[in-house]
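Here is a short briefing on how two chains come together. Have a look at the structure first, then walk through the points below.

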2 protein chains.
Amino acid sequence: MFHNPLKLCTYISFVASSTRGFSKQAQKLVYHEHGTPLRVVSIQNETLDPLDTNEVIVKMLIVPVNPADINTIQGVYPVKPSLPAVPGFEGVGEVIEIGSGVKDLSVGDRVIPDTQHLGTWRTYGKFSPDLLMKVPKDVGLTEISGITSNPCTAYRMLKDYNQLSPGDVVIQNGANSACGQNVIQIAKHWGLKTINIVRNRDDIDKLKTYLKSLGGDFVFTEEELKGILRDPSLPKPKLALNCVGGNSATNLLRTLVNKGVMVTYGGMSREPVQIPTSAFIFKDITLRGHWMTRWQKENKNSTERKTMMNELTELMRAGKLAAPAHKFVTLTNFQEALMNTMSIQGKSGLKYYIDFRQSES
Amino acid sequence: MFHNPLKLCTYISFVASSTRGFSKQAQKLVYHEHGTPLRVVSIQNETLDPLDTNEVIVKMLIVPVNPADINTIQGVYPVKPSLPAVPGFEGVGEVIEIGSGVKDLSVGDRVIPDTQHLGTWRTYGKFSPDLLMKVPKDVGLTEISGITSNPCTAYRMLKDYNQLSPGDVVIQNGANSACGQNVIQIAKHWGLKTINIVRNRDDIDKLKTYLKSLGGDFVFTEEELKGILRDPSLPKPKLALNCVGGNSATNLLRTLVNKGVMVTYGGMSREPVQIPTSAFIFKDITLRGHWMTRWQKENKNSTERKTMMNELTELMRAGKLAAPAHKFVTLTNFQEALMNTMSIQGKSGLKYYIDFRQSES
């Protein structure tokens, strides 16, 4: 992580000083009211009080900026941290100091949040260890920092809603989203075939090539799918994953086998899902929704969750579950990350991460 | 069944003649092509050939005229009898003659169809016994003649889609439909509460009183429901039953508890079901469909089916599952029944039955 020896020295000297119990200077993003993120979010200095016996101090390393973070700042997400709040559901950090009563974490451990809303957009945070989950150090930071949202969402949607066997087919729209890319990679690993639907664009061939390189079997634009809906050579999916809504969702549904399932986990078109009555009655289609935040809460200590985390980190370690194309910004450039994430699917096509690795205070 | 001694005599003399193996004169409705029922359906005389050893002759008594019969004649229903075809999914008849090899049925048994499409709109029919199910004689003819569609649909929808306990709440639109009335009565018997939504009309108070007399706990018009959607005193249903679609379905959905289920079994508004993305993701709503024809086919010899038929006939015998308000027409007046059933929810508000009890040929 610290490839620059100078930085490593600084880091060691910081740890040495902080473990002596001095207050720690830190920076965080904060909002005092809900509203447009660019208006309500600002940087703030803070002094971390000395540790309690059952606390740890975490130096954040990188945090992904997710649409859910934006919606939470706007006040339109069902998770409502009390105000003023530090944004940020996800991220990865390193434990740099532990209280004398802490048993399950050590200095140097790498951790991610293990609670509904930790507030990760900060250089340093003082947390109770039961809000954190230790993760392996030999997994890429970019990958592991976002593991609890998109990779977990992709994993559960492929596993929980219809029983799939190798060779079975899954169709998804928004296939180039961060989650969509994870769906392709996990499905590939499990021997499932994917039909991936994306919006048309100038460099569509490049995108098709990229999604196929991740393991996608078919990639079609929305218009291309419409043209082949009744084509008998189009394999019939047992599962559809919808993060768009509107006509796009209706078209996914039309491709399904009888007794197929469509799972909605996003609504980028801002249009409702429209279902013809006949799909319910005569095709016996089931419609479900998936919200990873609820699943994590309801399954916090479950075997399924441990199995999932192990399998996902293993895939990341093996290079089979890559982070989406992305850009790092420093904390002071957070507004660029906000702006990008607020636009539908990200105008740049890149996922933004705030990178704290070079911040010293 | 035959309260008139004269009719009984005629009947006995007919049986006596038919059991001697003479050909039997009968009448049936028939259509040679799909289309508007009033245009394509006509009465036809036929001569039933003498019985094979493994056949029975059934004299039909009464048959309900269902929307599914109309849609099948129109060619827009997924069940497609080969043409020319006799319409009619349901009905009740009496076995008047049996072949020498028939073991499970006797002359005098009362029977209903036990197959996807028997073609019941006929005075007499010659059938294989495995297409028939024997039913008790002490249950009202009107009730038992329609048992396999609406009562079974209501029963399965209340049982199979969300686990309900006494005191739990169910909401339904089209509550005054034949199926809706069955839902009210079965729910009442099981200790479930019902919120019943109907379209506004001149005699709305009369309808409300009637549905409450069947056991409905609440009856609201569509407009009244809209006004109380956010009223915290409105009990939160775990199950919604939708036979309308469009805005009506969306409003049902809005009343559901988290993890609630909406089952669609009809689309009288001819508008698709529209679901906001947030209902899937944050309320974890599940949408399903129910088609009784499929269920009957998939569960023909199941214990669940036997249990259901026993429980429903018991309710009918006890007067707790009444047929909807109805009108009988003779076979020659079949066009009145077709016209009424073709109009949405029946212009007359009555369910039509063809009554063969007075027909002698």
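Buried area is the accessible area, taken with a 1.4 Å probe, that two parts lose on being put together, summed over both. With that in hand, the area buried between chain B and chain A comes to about 2300 Å², and carbon and sulfur atoms give 57% of it. Please keep in mind that this is a predicted model.

**How the two chains are related**

- Chain B is superposed on chain A by a rotation of 180° with 0.0 Å of shift along its axis, and the RMSD is 0.0 Å.
- That is the relation of a two-fold axis.
- The copies meet through the same surface, because 100% of the interface residues of chain B are also interface residues in chain A.

**What makes up the interface**

- On chain B, 28 residues are in contact with 28 residues of chain A.
- B:Phe280, B:Ile281 and B:Phe282 supply 25% of the area that chain B buries against chain A, more than any other three residues.
- Between chain B and chain A there are 11 residue pairs in polar contact, counting pairs with both residues at pLDDT 80 or more.
- Four elements of chain B each supply at least two residues of the side that touches chain A: strand 13 (273–275), helix 10 (277–281), strand 14 (286–289) and helix 11 (292–298).
- Strand 14 of chain B gives the most to that side, with 4 residues.
- By residue type, the side of chain B that touches chain A divides into 13 nonpolar, 8 polar and 7 charged residues.

**Strands that pair across the chains**

- Strand 13 of chain A (residues 273–275) is joined to strand 13 of chain B by 3 bridges, and the two strands run antiparallel.
- Within this pairing, A:Val273 stands opposite B:Ile275.

**Salt bridges, between chains and within one**

- Side chains of opposite charge can pair when their charged atoms come close.
- Across the interface of chain B and chain A there are 4 salt bridges, while the count over all chains is 34.
- B:Arg294 forms a salt bridge with A:Asp284, with the closest N and O atoms 3.6 Å apart.
- Inside chain A, A:Arg122 forms a salt bridge with A:Glu46, where the closest N and O atoms are 3.3 Å apart.
- This second pair links distant parts of the chain, 76 residues apart: A:Arg122 lies in the loop between strand 5 (110–113) and strand 6 (124–127) of chain A, and A:Glu46 in strand 2 (residues 41–48) of chain A.

Methods:
Residues numbered from 1 in each chain as written. Chains lettered and ligands numbered in written order. Predicted model: local features only at pLDDT ≥ 70, side-chain atom pairs only at ≥ 80, totals over all residues. Heavy atoms only, no water. Least-squares fit on C-alpha atoms with pLDDT ≥ 70 in both. Contact = heavy atoms within 4.5 Å. Salt bridge = Lys/Arg side-chain N within 4 Å of Asp/Glu carboxyl O. Polar contact = N/O pair within 3.5 Å; in protein donor to acceptor, adjacent residues only side chain to side chain. Nonpolar A, V, L, I, M, F, W, Y, C, P; charged D, E, K, R; others polar. Pairing = 2+ DSSP bridges.
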